[in-house]
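Please read these notes with the model open beside you. Take the points in order.

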Amino acid sequence: MRQTLAREFSNLIERGWDRQLRLAVTGLSRAGKTAFLTSLVYQLRHAGLEARLDLFPAAREGRLMGAQRIAQKDLGVPRFPYDNAMASLDGTPPRWPEPTRGISELRLHIRYRPQRSGVLGALGSSNATLTLDLFDYPGEWLLDLPLLEHDYLSWSQRQQMTLTPERRAMAKEWLSAMETLDPAAEADEAELATIAEHYAQSLRSAREAGFADLQPGRFLLPGDLEGAPVLQFFPLLDLTRDDRRRLEALPQQSVYRTLARRFAYYQQHVVKPFYREHFRRFDRQIVLVDVLGALNAGPERFEDLSRALATLMQSFDYGQRSLFTRMFSPRIDRLAIAATKADHVTPDQHPNLVALLEALLAEPIKDLRFADVPVKALSLASIRATQAHEVEQQGKRIQALRGVTLEGEETLIFPGEVPPHLPQHDFWARQGFAFHGFRPLSRDTRGEGLPHIRMDAALDWLIGDKLT
Ligand SMILES: Nc1nc2c(ncn2[C@@H]2O[C@H](COP(=O)(O)OP(=O)(O)O)[C@@H](O)[C@H]2O)c(=O)[nH]1
Ligand SMILES: [Mg+2]
């Protein structure tokens with residue numbers, strides 16, 4: 001009798017205990033989100049088996065019993081294509097997973113044995129379940145937060161300011177189409193669609209050239225909004241404050257009023273819902289940054305990454321006066337910031353890589369700490385594609401990397417040094433940074449498991465405390 005009671009009591013506790021966590025992964029395009037999430041799911045599913053997770057105490061102590069994918073709750077969000085990603089990695093030759101372009105979700109049940117010293121353990125509970133909801137969404141969407149502060153007229157003015165000569169050169173077609181557009185004329189749907197496409201094209205060219213201060217973010221990664229009229233707007237040029245009254249008095253069907261309506265619709269029905277329905281409900285997030293890729297691409301790209309990150313991180317600004325806090329009372333309780341693809345440099349460079357990431361995000365990190373949001377910076381490789389080697393050269397032992405290039409050639413490289421602070425002129429003048437694309441290791445080379453660098457440390461920071 002007593003025993004059944006005790007069992008029922010512990011069942012009750014288990015069911016009632018809040019062991020559900022919503023974890024989101026973000027970063028700009030090609031930062032490594034898909035690779036990260038694929039590896040994260042793999043490592044959890046194979047914990048205690050092939051996965052090597054020494055820095056993840058729950059796994060090291062043998063308390064992780066496994067993870068299962070289950071049906072997600074939110075049927076409006078596409079499922080993260082884990083099986084496809086694994087199939088690519090296991091292919092011959094192995095390939096990186098296909099890029100995804102919108103938000104996706106995956107739900108895992110993690111079974112674990114609570115620590116004896118923990119609350120559940122003390123109650124005699126022998127195993128427990130954590131429901132982990134994982135989300136992957138484009139960091140580009142966060143670049144739209146500042147757009148909420150504007151109305152159509154002030155946004156148009158702001159966009160015009162970003163049109164430097166170089167950006168103008170990339171927007172030639174759009175600019176020439178704009179010459180004959182009269183804000184007071186009656187809107188022609190087809191014409192607006194064409195001009196909007198020219199505008200989107202100019203953003204895509206700017207993106208490719210390394211610019212990041214680009215709005216609207218959905219024009220770059222439309223997700224499921226591709227071709228929808230809500231994406232068919234663009235800024236008008238040469239508007240002044242004094243025009244406002246005149247423009248707002250134009251008929252509903254005028255070009256100006258039509259574009260202004262679409263802009264407001266974009267704010268209300270695209271940007272805000274994402275923050276309200278998704279972003280605000282994430283308990284924890286990890287922001288991935290391809291620091292090495294930017295370092296490799298040169299000073300302009302690096303500067304640009306730095307500006308984009310400053311904008312992106314505004315969504316994590318919990319200061320009382322921040323736009324984000326004012327609009328959506330957020331509730332995140334933990335954040336990780338990771339420099340990805342650390343397997344592109346030798347292990348002795350990893351501390352510098354973290355230091356550089358911290359320098360790049362110094363301001364946002366300071367604000368987060370001030371707002372009492374725990375934040376951790378780390379470097380990792382979700383899916384390690386190289387092997388570190390020591391090589392002797394003229395009597396000196398130096399570190400090198402061995403890997404297979406994307407073209408299938410085996411190589412040994414000396415990638416060079418990562419500066420531990422924001423690179424200055426002399427760095428760019430001196431350094432040729434050798435950064436190759438590598439194929440993922442084949443199953444034969446990698447053996448069982450999916451090799452990684454510090455995925456276990458990331459896991460511990462992101463979910464470890466929920467598994468005690
Ligand atoms: N060497 C190496 N390359 C990586 C790693 N993660 C991502 N990559 C490379 O970066 C590319 C973009 O990664 P992906 O995860 O698709 O980026 P996403 O756009 O943020 O989802 C991949 O196709 C790989 O070439 C990693 O851990 N190691
Ligand atoms: Mg992706």
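Which side chain meets Glu 140 in a salt bridge? The points below start there.

1. **The salt bridge.** The partner is Arg 207, with 3.1 Å from N to O. A salt bridge here is a side-chain nitrogen of Lys or Arg within 4 Å of a carboxyl oxygen of Asp or Glu. The rule finds one salt bridge across the interface of domain 1 and domain 2.

2. **Ground rules.** This is a predicted model: local features need pLDDT of at least 70, side-chain atom pairs count only at pLDDT 80 or more, and totals for chains, interfaces and linings use all residues. Residues are numbered from 1 along each chain as its sequence is written, chains are lettered from A and ligands numbered from 1 in the order written, and side-chain values use heavy atoms, without hydrogens and water.

3. **Two domains.** Domain 1 covers 12–141 + 283–384 + 447–467, and domain 2 covers 143–277. These bounds come from an automatic or database domain assignment. The C-alpha centres of the two domains lie 33 Å apart. Each domain gives 22 residues to the contact (heavy atoms within 4.5 Å).

4. **The buried area.** About 2100 Å² is buried between domain 1 and domain 2, and carbon and sulfur atoms give 65% of it. Buried area is the accessible area (1.4 Å probe) that two parts lose on being put together, summed over both. On the domain 1 side, Glu 140, Trp 141 and Phe 328 lose the most area to domain 2. Together they make up 34% of what that side buries.

5. **The ligand.** How many residues surround ligand 1? There are 16, and Arg 30, Lys 33, Ala 35, Lys 341 and Asp 343 are the closest. To count, a residue needs a heavy atom within 4 Å of the ligand. A polar backbone atom of Arg 30 is 2.8 Å from an oxygen atom of ligand 1. For a backbone N or O atom of Ser 382, the distance to an oxygen atom of ligand 1 is 3.0 Å.

Methods. A polar contact is a pair of N or O atoms within 3.5 Å; within protein, one must be able to donate a hydrogen and the other to accept it, and residues adjacent in sequence count only if both atoms are side-chain atoms.
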